[in-house]
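Reader: I would like to go through this model term by term. Please set each value against its definition.

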Amino acid sequence: MELLSPVAPGWGGTLLVGLLHSIEIAVGATCLGLMIGTAGAFGKLYGGPVTRDLLAVYTTVVRAVPELVLILLLYYAGTDLINQVLTGMGYSRVDISGLAAGIFVLGFVQGAYSTEVIRGAILAIPQGQIEAARAYGMPPGLMLRRITLPAMLPFAIPGLANLWLIATKDTALLAVVGFFELTLATRQAAGVTKAYLLFYLAAGALYLALTLFSNLIIGRVETWSRRGMPSVKEAR
């Protein structure tokens, strides 16, 4: 157990740093995915034919291609494309930070799934609420803030919560591109000490602890979003 000590010669501190990097990427990717998903959902529902077709291609391709392939494609090909564009414009090449690249790649993937989750949540809103807002002459922006977003939240939270938990585990895929997160830290510690069982069990425990803590927060948010609505027990 001395190998799990947070101070040298233990590797516990290294694992915690990797966990912190995983959380940073997951939070950033989830926020980016929510922004993309919200815009994509409204584009699919209320956009023109071209907008809807482009968003349909985006969500279909991202959901069809394995995430590891997308990560490799966006990480390497995307970085090379940016540098080629900068070189063609007369600027010098840049080194994109692994954190920014990881957030963008996973956020791009999360955006496709968030689009469908939010779109389904909007469609689940009773249409009478929307019609009543329009009948009162409520402008679109005000209707979005006061009717659409609050009403869709209880329907969207379960799906978005699953996407958050998926994002925390998808950070492990970034180990293949050399980004230092929990899985890569675990692999390094196990490779040096040869204590594979110990470190991979420790990594699993950290992922489980993150999931349990996330479920606690998500449960409170879901309860808050459903305030004033009848509970399942009352419905029975």
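Reader: Which helix gives the largest share of the lining of the largest pocket?
Author: Helix 6, with 8 residues. This is a predicted model: local features need pLDDT of at least 70, side-chain atom pairs count only at pLDDT 80 or more, and totals for chains, interfaces and linings use all residues. Residues are numbered from 1 along each chain as its sequence is written, and side-chain values use heavy atoms, without hydrogens and water.

Reader: Which helices each supply at least two residues of that lining?
Author: Helix 1 (12-46), helix 6 (140-170) and helix 8 (196-225). Helices here are DSSP runs (H or I, at least four residues), numbered from the N terminus; strands are runs of E, at least two.

Reader: What makes a residue part of the lining of the largest pocket, and how many are there?
Author: A lining residue has an atom within 4 Å of a pocket point; on a 1 Å grid over the protein atoms alone, a pocket is an open set with protein on both sides within 12 Å along at least five of seven lines. The largest pocket has 19 such residues. L34, I157, L160, A161 and V221 lie nearest its centre. Its volume is about 500 Å³, counted as the space filled by probe spheres set on the points.

Reader: How many lining residues are nonpolar, polar or charged?
Author: The lining has 16 nonpolar and 3 polar residues, and no charged ones. Asp, Glu, Lys and Arg count as charged.

Reader: Why is helix 1 called oblique to helix 8?
Author: Their axes come within 11 Å and cross at roughly 40°. That angle makes helix 1 oblique to helix 8. Under 35 degrees is roughly parallel, over 145 roughly antiparallel, 65 to 115 roughly perpendicular, and the rest oblique. Helix 1 passes helix 8 in a right-handed crossing.

Reader: What makes helix 1 and helix 2 oblique to each other?
Author: The axes of helix 1 and helix 2 (residues 49-64) cross at roughly 135° and come within 8 Å. The two helices are therefore oblique to each other. Their crossing is left-handed (the near helix is turned anticlockwise from the far one by less than a right angle; clockwise is right-handed).

Reader: Where does UniProt place "transmembrane region"?
Author: The unreviewed entry lists residues 20-42, 54-76, 96-113, 147-166 and 197-218. Such annotations may be inferred rather than shown by experiment. In the model, residues 20-42 are 100% helix, with end C-alpha atoms 33 Å apart. Residues 147-166 are also 100% helix, with end C-alpha atoms 29 Å apart.

Terms used
1 Å grid on protein atoms, 1.4 Å probe; cavity = no way out; pocket = protein on both sides within 12 Å on 5 of 7 lines; lining within 4 Å. Axes fitted to C-alpha atoms, helices over the stretch in contact; angles between N-to-C directions.
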